[in-house]
Amino acid sequence: MRTGDQIFAGLSTGSGVLILAILAGVAAFLVVEAWPAVVAPADEVPGGAGVTVYIWPLLFGTLLSAALALLIAAPLAVAIALFITHYAPRRLAHGLGYVVDLLAAVPSIVYGLWGIAVLAPATVDAGAWLYENLGWIPLFAGPPSSTGRTMLVAALVLAVMVLPIITAVVREAFLQTPRLYEEAALALGATHWEMIKMTVLPFGRSAIIGASMLGLGRALGETMAVAMVLSVSGGVSINLISRSNPSTIAATIALDFPESTGIAVNTLIAAGLVLFAVTFVVNMLARVVINRRRDFSGADR
Amino acid sequence: MAKRIDVADLNIYYGETLAVQDVSMSIEPRSVTALIGPSGCGKSTFLRSLNRMHELIPKARVAGKVMVDGQDLYAPDVDPVAVRSQIGMVFQRPNPFPTMSIYDNVAAGIKLNAKRMRTSELDEIVERSLRQANLWDEVKDRLDKPGTGLSGGQQQRLCIARAIAVRPDVLLMDEPCSALDPISTQKIEDLITELKADYTIVIVTHNMQQAARVSDTTAFFNLRGIGQPGQLVEIGDTATIFSAPANKATEDYISGRFG
Ligand SMILES: Nc1ncnc2c1ncn2[C@@H]1O[C@H](COP(=O)(O)OP(=O)(O)OP(=O)(O)O)[C@@H](O)[C@H]1O
Ligand SMILES: [Mg+2]
């Protein structure tokens, strides 16, 4: 091997190893720092009931807000991707795709500001309406928040934040539907929408799943937007429109860490470890699903 | 089933470019018509204008008349989706839906047209279509397996089964054997001859022997010159076209001195 090649091979192997080392380092740090909170007597942990009781509502809030965000964002992302790839005139599609990519680059603090300054006040009336008309559903049990800083609004902000990444991945997949199969469907007498159901959606299925999981990963870890928007009281609740909400792990760490000392710090790090594990699993599942798509023989024929 | 086609003064465009100029021809029901001619002369373009697939290409359009049993396909009140369900098409590359089973591939067209149908009835149609396509014996034990697991020739026969399952009036084929080995080609040619009893068939082929073997009528397309639109040079009885063509260019092309 030439010297240049050797240097390059060494550099790239080194970078790969470095990434793994950093990841392992972070995991080790989290485990080591979280351990004192796990073994500490329950009454020394913030909340006074042990680390599990402390983290569980936060984990619940994290999962609830992220899942809700995904529930809102994923169908919308698929619809937007379909519009861009199969309905919009070419120039409009181009512009739209560009805008969606730009949205992905907006810092989350801006979304947080938008959420608290615009979206929260704007949803106060809607919250009241939901309470009056659908109050029998536990999700809308109320009493409705007068500031709009609810779980629903936090989820909406998260949904807007994860929309671009899901849309971008799904759009790429839709674009790759072979023309051959679209024509086969159309030649059978399928309408445009039927053609999409027969070819584009089945082809894009695993991409949709994979992209949703990427979006979920981002929503789980989102900090600032939730910290700014959500009015928190602790506890576990599926009430989406009230002012008492569980917080999320990331937001709690950001808000509480500066004022914490001693075992409280270890407790927050333990929460961080849980979040690390959850996002890790979600991202891995996303990779698995997306990679499986590569083997899909249809794409190459 | 099996309708006649009368094309009158058909001009086919891609945007501003005229690709095929002034084609007029009649295609008899229950016959096989072969379209031959050098590459780029507009055979595929013409074929795709017979089931309104052409206009799916952005800015592509057609001027003139295509009458199927007296009904103009391009009349303003005609729904192109309905046209495509009446006129089946088989493509150059076998394209069974890879996300569907063999059974679902054959049933795809029927499910589009008749939403509600009893399973037994659907089973019957699927079996009948696969039998007609001479594929039943080879796939009857694996109807629930993906269509892409078949050989190229089997896949192409599956595509034919899919096209005839909806009992179209006309069957259009664009070089259906060009991706196949001689044995598969033979099977498809036999199949075309059998299907002629029920369908009006139009087939594009680059294979002169194939045109001579399967078709009753042959139409020779040619480019008027470089950068000029393609046009129909002559059409006639296959035996006549191959033994005593009226046009010099046809004779050159068929004898292999050209194209
Ligand atoms: N999508 C398209 N956009 C613009 N022009 C096209 C398009 N498809 C085909 N053409 C042009 O139309 C003309 C006829 O093409 P067509 O594919 O119909 O030829 P063909 O006779 O089928 O050729 P072959 O034997 O190679 O399949 C060619 O000049 C081609 O470049
Ligand atoms: Mg062609």
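Trainee: Which backbone oxygen does the side chain of A:Thr279 reach?

Mentor: This is a predicted model, and its distances are computed. A:Thr279 is found in helix α11 (residues 263–294) of chain A. At 2.8 Å, within the 3.5 Å limit for a polar contact, its side chain reaches the backbone oxygen of A:Leu275.

Trainee: Does A:Thr279 count as buried or exposed?

Mentor: Buried means under 20% relative accessible area. A:Thr279 touches A:Gly217, A:Leu220 and A:Gly221, leaving out residues up to four places away in sequence. Because its relative accessibility is 15%, A:Thr279 counts as buried.

Trainee: Against which helix of chain A do the buried residues of α3(B) pack?

Mentor: Helix α3 (residues 102–113) of chain B is mostly covered, with nine of its twelve residues buried. Among them are B:Ile102, B:Tyr103 and B:Leu112. Within chain B, the buried residues pack against α4 (119–132), α5 (136–139) and α6 (152–164). In chain A, their partner is α8 (192–221).

Trainee: Which residues touch the most other members of the largest nonpolar core?

Mentor: The largest nonpolar core has 112 residues. Its largest share, 17 residues, comes from helix α2 (residues 51–87) of chain A. Another core, of 45 residues, lies apart from it and includes B:Ile102 and B:Ala107. In the largest core, the residues that touch the most other members are B:Met25 and B:Phe46.

Trainee: Which phenylalanines are in contact with B:Met25, leaving aside its neighbours within four places in sequence?

Mentor: The contacts of B:Met25 include B:Ile5, B:Leu35 and B:Ile235.

Definitions and conventions
Residues numbered from 1 in each chain as written. Chains lettered and ligands numbered in written order. Predicted model: local features only at pLDDT ≥ 70, side-chain atom pairs only at ≥ 80, totals over all residues. Heavy atoms only, no water. Buried < 20%, exposed > 50% of the residue type's maximum accessible area, 1.4 Å probe, protein only. Helix = DSSP H or I, 4+ residues; strand = E, 2+ residues; numbered from the N terminus. Contact = heavy atoms within 4.5 Å. Polar contact = N/O pair within 3.5 Å; in protein donor to acceptor, adjacent residues only side chain to side chain. Core = buried A, V, L, I, M, F, W, Y, C linked by side-chain atoms within 4.5 Å.
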